[in-house]
Amino acid sequence: MGESLTLRRKRPTDSILYGLIYFCALLSVALLALILLYVLIRGVGSVNWAFLTTVTSKLKGTVGIAGNLLNTLMIVVLTMLAALPIGVGAAVYLNEYAKPGKLVSLIEFATETLSGIPSILFGLFGSMFFGETLGLGYSLLTGALTLMLMVLPLITRNTQEALKTVPDSYRQGAVGLGAGKWYTIRTILLPSAMPGILTGAILAIGRIVGESAALLFTAGAAKTLPKTLAKFFAKIFQSGGTLTIQLYLSATSEGDFSTAFGIAVVLLVVVLFINMGAKALAKRLDVQNRK
Amino acid sequence: MKKIKGIPGHDAFTAERLARALLLICAVVAIFAVCAITFYLFAKGLPALHRVGVGELLFGTIWKPTAAEPSFGIAYIILSSIVGTALSVLVGVPVGLLTAVFLTEVSGKRLSAIVQPAVELLAAIPSVIYGLLGMMLLNPVLYKLEKIIFAGSTTHQYTGGADLLAAVIVLAIMILPTVISVSASAIRAVPGQLRAASLALGASKMQTIWGVTVPAAKSGILTGVVLGIGRALGEAMAINMVAGGSVNLPLPFNSVRFLTTQLVSEMGYAEGIHRQVLFTVGLVLYLFIMLVNLVLLRLRREGGNDHG
């Protein structure tokens with residue numbers, strides 16, 4: 001390499017630039033460290049078993065986020081129930097059935113556009129369309145349907161990427177053995193693309209857990225815990241605030257910062273796990289592709 | 001004839017057709033969603049423009065939706081969104097680009113293994129947490145600064161540190177991961193022989209990076225910048241928590257309200273024409289985002305031509 005040449009004539013601007021580059025790179029790490037440490041220090045004291053398993057009640061004198069935890073879980077499950085089949089189905093259609101043309105580029109353009117729309121606008125649309133026009137009001141279902149539209153591009157794109165990596169010889173082999181297209185998709189393509197699909201799903205769950213603006217006017221802010229199974233299912237049609245919404249309310253209108261930081265700790269732990277899970281899966285996908 | 005699993009028989013053909021039709025429906029959901037969102041925002045957002053008047057609504061500066069004689073001017077709100085986004089991009093992009101250069105051209109594997117995951121995690125942190133930290137860490141510092149700067153002023157309205165500057169800093173941090181990851185992949189895609197040729201001509205590593213590699217990755221980096229602009233424009237909860245929330249001229253130490261935070265803070269209780277005006281605010285935001293999307297589309301096409 002020309003290393004000796006460049007070393008001999010080191011320009012002062014070079015050193016300044018090196019300094020700036022290192023400074024900026026360190027800044028990202030320092031920011032993350034600051035965020036994690038500060039949230040942990042302020043919040044870890046509020047997190048205990050009662051905090052996770054009870055509902056905040058002035059009457060009983062308890063402070064807890066069990067209702068919000070359940071709401072978050074229900075929103076995640078409902079959203080994924082809707083978004084996963086549709087997103088994967090769209091990707092399968094685009095990759096396996098559609099011939100390149102107007103329809104495909106239109107679908108791809110729509111998917112791109114959808115992924116660029118800010119969550120507050122999804123919330124606005126969701127409250128108008130699902131809430132008012134379809135009459136679902138403030139409910140977990142309204143929130144989940146709204147988020148379904150929001151995470152759709154994420155799932156479609158990841159599935160498409162995964163399907164693209166399945167070798168064509170698999171498809172040809174299946175056709176050669178006389179299998180139909182749908183049969184091939186079900187038994188060969190989707191299982192081969194599974195790590196990619198799961199990565200998309202996990203990323204989508206991460207977005208749902210962290211989402212707040214789209215839920216404020218769709219899912220509402222209730223935090224009760226259902227006592228019977230019937231009430232549990234009725235909850236789908238009732239208002240329910242997720243962890244992020246409760247954090248927002250605690251930090252602003254309620255001014256209860258110990259709860260806010262407690263929720264922040266819980267959220268960070270969840271996000272950390274999701275991040276690691278997605279990474280582990282992506283690694284597995286990578287190893288598979290190299291084989 | 002005995003049926004064999006998976007071999008197309010009479011039933012299988014109907015199954016094939018059904019599957020194809022269902023998958024097509026899944027695929028057009030995205031088109032339907034974009035059309036429905038566009039339709040709803042226009043249908044709900046246009047009436048207020050008519051009722052209040054285009055000029056008064058878009059260029060009026062007084063926002064008093066619940067007064068006896070209400071006034072619905074959103075000029076300052078639009079301006080705040082533009083200025084806030086521009087400033088945050090101005091701060092976030094240089095830092096993001098330098099970090100991307102660090103990840104791709106400067107650092108060894110070991111340092112990258114620390115910085116890369118840190119950037120990814122920054123992207124995954126929920127925006128309400130950024131808002132919470134902004135409230136606790138940023139606002140007090142800015143309040144101190146405010147007290148020093150406006151010590152003798154009689155006209156300044158104190159914000160307690162909840163101002164445009166706080167929002168800009170939070171936004172700049174929030175767009176960092178987008179700018180970094182998109183720029184880094186653009187720089188990685190620059191062919192190695194360009195770098196080699198530049199180094200062989202005697203350019204230093206820094207000269208090569210800024211004179212050859214980064215310009216070659218220009219369209220990809222611009223894509224990252226535009227994506228960052230989109231993110232900053234659309235961010236709602238975090239800046240709602242740190243920016244104060246009065247409708248004001250976007251000056252650094254003014255409490256301000258953005259298009260997004262306008263929706264967050266008033267959608268919950270607005271009624272009648274006030275509610276309609278909020279839909280117009282949503283429509284304006286949507287038009288800005290569509291503009292960003294169009295620029296992105298252009299950039300992606302150009303980028304595609306560059307490499308192939």
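This note goes through a predicted model of a complex, taking confidence, the chain contact, a helix pair and a hairpin in turn.

1. Confidence. For the complex, the predictor gives an ipTM of 0.91 and a pTM of 0.91. Chain B has a mean pLDDT of 91, with 94% of its residues at 70 or more.

2. Contact between chains A and B. Chain A brings 65 residues to the contact and chain B brings 71 residues. On the side of chain A that touches chain B, helix 2 of chain A (residues 12-43) gives the most, with 15 residues. By residue class, that side of chain A divides into 47 nonpolar, 15 polar and three charged residues.

3. Helices 4 and 7 of chain A. The axes of helix 4 (residues 66-97) and helix 7 (residues 140-165), both of chain A, come within 6 Å of each other and cross at roughly 40 degrees, which means that helix 4 of chain A is oblique to helix 7 of chain A. The crossing of helix 4 of chain A with helix 7 of chain A is right-handed, and the residues of this contact comprise 22 nonpolar, eight polar and one charged.

4. Hairpin in chain A. Strand 1 (residues 55-57) and strand 2 (residues 62-65) of chain A run antiparallel and are joined by two bridges, with A:Ser57 standing opposite A:Thr62 of strand 2 of chain A. Together, strand 1 and strand 2 of chain A form a hairpin that has four residues between the strands. In the turn of this hairpin, A:Gly61 has a positive phi of about 70 degrees.

Notes:
Residues numbered from 1 in each chain as written. Chains lettered and ligands numbered in written order. Predicted model: local features only at pLDDT ≥ 70, side-chain atom pairs only at ≥ 80, totals over all residues. Axes fitted to C-alpha atoms, helices over the stretch in contact; angles between N-to-C directions. Parallel < 35°, antiparallel > 145°, perpendicular 65-115°, else oblique. Left-handed = near helix turned anticlockwise from the far one by under 90°. Nonpolar A, V, L, I, M, F, W, Y, C, P; charged D, E, K, R; others polar. Contact = placed C-beta atoms within 7 Å. pLDDT = per-residue confidence, 0-100. Pairing = 2+ DSSP bridges.
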